[in-house]
Amino acid sequence: MKGIRQLADHLDISIGTVSRALNGKPDVNEETRRRVLEAAEQLGYVANQAGRSLRKGATGIIGFMMQTGHEITGQGDTFFMSVFDGVQAVFARHKLDLVALLCSSEEDPDDYLKRVVARGFADGIILSATRRHDHRFEFLDRAKIPFITLGRSQTDVGQPWYDLDFEGIADQAVDRLVSKGHKRIAISRPHDDINLGHVFVERCREALARHGLQLAENHIFRSKPNETGGYQIARDLIACTDRPTAIVLVNEATTIGLYRGLEEAGLKPGRDVAVIGQYSPQCQFLSPRLTCFSLSLRDLGIALAESLLATMPAFSQHYPQAARRQLWPMTLVEGDSDHGGVSA
């Protein structure tokens, strides 16, 4: 059984009284409220959320837009699942629900977002995979839909954002490798126009220049953000006539493929090629232990959610101290993978 009319008929009480009892209104007799709540539970009453949304002018849903497909997520995506956990922990305080908006790798992200917005599906949006120039920002700004981005862009409409500190990764990794004697340092970057690739390459160039070194163009390896992409990086690195003695990976999933590709060629990470990567649950099983950058993904999710709600009038009073824009710090976890390689 479901429906407020059926519930009212069963109790022989007006629909208005049942509605006020269910919504905790103070003008309902406590005995009547008890009867209504007990009957609702026993008879399986389900509130019409669509009707409530129309009356309130809100859906109670926040959408998190991400792209899917094997070429993007590889053998599994633990990054976003951990972020989602933090985001939903905040939304649960306000009886909001997080919904993943999954844009296929075969669909244009701009078109997908326009379709979602046209349906009035969500009260706010979290965008990921931000591009160098991202038209989604301008579209959401014109539509007056609150949003926050996980990532930066040269497109800027004043929206809040959080991004991983790729500049800090570049500085620490380059300084660490140069201090160990490396001069031919390679890096990876995403294959597409995602903004983090531009940020990371630019900062690595600057970090190397401080040491009087250059980042050779053939030492910048574009790859898909998955294990296969890492395997291809290994093959391309081995094929270089001036083979790099060290590499810094910007994606966590590529490390596994890189290890496999190097070892198939008789090269050992940490002995023949120094490797610095990004932490993932899988990397703890690699040998040698990966020197990597780590972060609390759940805490990042919490911060994203609180900063988004701080821009929404219905919730802003709860988060007066929420940051609007922040580079999320990364912690270097020392392993054994960045030893050696200098004499290669």
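Trainee: In what order do the six strands of the open sheet run, and is the pairing parallel or antiparallel?

Mentor: Strands of a sheet pair through backbone hydrogen bonds, either parallel or antiparallel. Here the order is β2-β1-β3-β4-β5-β11, and the pairing is parallel. Strands are DSSP runs of E, at least two residues, and helices are runs of H or I, at least four, numbered from the N terminus. Two strands pair if DSSP finds at least two bridges between them. This is a predicted model: local features need pLDDT of at least 70, side-chain atom pairs count only at pLDDT 80 or more, and totals for chains, interfaces and linings use all residues. Residues are numbered from 1 along each chain as its sequence is written, and side-chain values use heavy atoms, leaving out hydrogens and water.

Trainee: Which are the edge strands?

Mentor: β2 (97-104) and β11 (325-328), each pairing on one side only.

Trainee: Over how many bridges do β1 and β3 pair?

Mentor: β1 (residues 61-68) and β3 (residues 124-127) pair over four bridges, in the parallel sense. Phe64 has Ile126 in β3 as its bridge partner.

Trainee: How are two packed helices described?

Mentor: By the angle between their axes and the distance between the axes. Axes are lines fitted to C-alpha atoms, for helices over the stretch in contact; angles run from 0 to 180 degrees between N-to-C directions. Helix α1 (residues 4-11) and helix α2 (residues 15-22) pack at about 110°, axes 9 Å apart. They are therefore roughly perpendicular (65 to 115 degrees).

Trainee: Which residues make the contact?

Mentor: Ile4, Arg5, Leu7 and Ala8 of α1 meet Ile15, Val18, Ser19 and Leu22 of α2. Contact means heavy atoms within 4.5 Å.

Terms used:
Parallel < 35°, antiparallel > 145°, perpendicular 65-115°, else oblique.
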